[in-house]
Amino acid sequence: MPAVPRGYTPGRSALTGAGNDAGPRQVDLPAGGFQRLVLRFLGLPLLLLIGPSMVFAAALLATSEPVLNRWILGVAGVGVTFSCVKLARHESRSHERARRDLRRLEATGVTGTAEIHAVRPTSLGEESGVELDLLVSGPGFDPFESTSRCRDHHALTVGTRLNVVVDPTDRLYAIVP
């Protein structure tokens with residue numbers, strides 16, 4: 001089996017996640033330690049301070065501005081704060097769901113293989129990647145088809161077999177290096 005480098009492992013894209021609630025679903029891998037550190041200690045506090053700073057400026061500092069401008073700045077500050085809080089909650093929930101799924105796979109998962117049946121170019125937001133049609137099979141569950149989106153790599157060709165861990169009860173799976 002060809003080895004796929006860690007940076008190119010299917011499932012590391014923010015847009016990964018094939019199937020729906022009734023079908024197979026690939027685990028979204030949680031962000032790495034450094035990425036979470038930067039988001040938690042630099043990005044999030046900065047974003048959460050922008051909105052309140054705008055409200056403070058509208059209420060106390062912009063006294064020479066017309067009332068309409070002050071209202072616009074204050075409402076924009078509240079909107080920015082609300083949006084940042086929603087973003088933080090979404091990121092936290094996504095990370096916890098990914099960790100919960102990985103713990104479940106570690107406890108109940110069985111090893112299997114995913115054979116690539118088709119490779120199509122696709123967009124992964126700002127970068128280009130590939131969409132893989134996979135046939136996932138292994139002991140203890142019926143084979144099923146799924147789709148995975150990831151960055152392109154020369155080892156990802158039709159016929160390549162990748163290692164997977166599958167929860168046979170609901171076909172949750174993760175591609176492992």
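Ile-116 is placed in strand 2, where helices (H or I, at least four residues) and strands (E, at least two) are DSSP runs numbered from the N terminus. The model is a predicted one, in which local features need pLDDT of at least 70 and side-chain atom pairs count only at pLDDT 80 or more, whereas totals for chains, interfaces and linings use all residues. Residues are numbered from 1 along each chain as its sequence is written, and side-chain values use heavy atoms, with hydrogens and water left out.

With a relative accessibility of 1%, Ile-116 counts as buried; buried means under 20% relative accessible area, exposed over 50%, and partly exposed in between, with a 1.4 Å probe and protein chains only. Leaving aside neighbours within four places in sequence, Ile-116 is in contact with residues including Leu-132, Leu-134, Leu-156 and Leu-162, contact being heavy atoms within 4.5 Å. The C-alpha atoms of Ile-116 and Leu-132 are 6.3 Å apart, although the two residues are separated by 16 residues in sequence.

For the chain as a whole, the secondary structure comes to two helices and six strands, and the elements run β-α-α-β-β-β-β-β from the N terminus on. Of the 177 residues in the chain, 30% are buried. Among contacts with a separation of 6 or more, 61% are between residues 24 or more positions apart.

The largest nonpolar core has 15 residues, of which Leu-132, Leu-134, Val-136, Leu-156, Val-164, Val-166 and Tyr-173 touch the most other members. Such a core is a set of buried Ala, Val, Leu, Ile, Met, Phe, Trp, Tyr and Cys residues joined through side-chain atoms within 4.5 Å. At least two residues of this core come from each of strand 2 (110-124), strand 3 (127-138), strand 4 (141-151), strand 5 and strand 6, and strand 3 gives the most, with four residues. A second, separate core of five residues includes Val-27, Leu-105, Val-165 and Ala-174.

Aromatic pairs are counted when the ring centres of Phe, Tyr and Trp (its six-membered ring) lie within 6.5 Å, with planes under 30 degrees apart taken as stacked, over 60 as edge-to-face and the rest as tilted. The count by this rule comes to two pairs. The rings of Phe-141 and Phe-144 have centres 6.0 Å apart and planes at 50 degrees, so this pair is tilted. Phe-144 and Tyr-173 also form a tilted pair, at 6.0 Å centre to centre and 55 degrees between the planes; this pair links distant parts of the chain, with Phe-144 in strand 4 and Tyr-173 in strand 6, 29 residues apart. Phe-141, Phe-144 and Tyr-173 form one aromatic cluster, and its members are buried, at relative accessible areas of 11% for Phe-141, 3% for Phe-144 and 0% for Tyr-173.

Side chains of opposite charge can pair when their charged atoms come close. A search of the whole structure finds five salt bridges, each being a side-chain nitrogen of Lys or Arg within 4 Å of a carboxyl oxygen of Asp or Glu. The table lists some of them.

| Salt bridge | N to O distance |
|---|---|
| Asp-167 and Arg-104 | 3.0 Å |
| Glu-115 and Arg-161 | 3.4 Å |
| Arg-120 and Asp-133 | 2.7 Å |

Arg-120 in strand 2 and Asp-133 in strand 3 are 13 residues apart, and their pair links distant parts of the chain. Arg-120 is partly exposed at 32% relative accessibility, as is Asp-133 at 22%. Salt bridges that share partners join Arg-104, Asp-167 and Asp-170 into one network. Glu-115 lies in strand 2 and Arg-161 in strand 5, so their pair ties together parts that are 46 residues apart in sequence.

Arg-171, in the loop between strand 5 (161-167) and strand 6 (172-176), has a positive phi of about 65 degrees although it is not a glycine. Arg-171 is partly exposed, with a relative accessible area of 30%.
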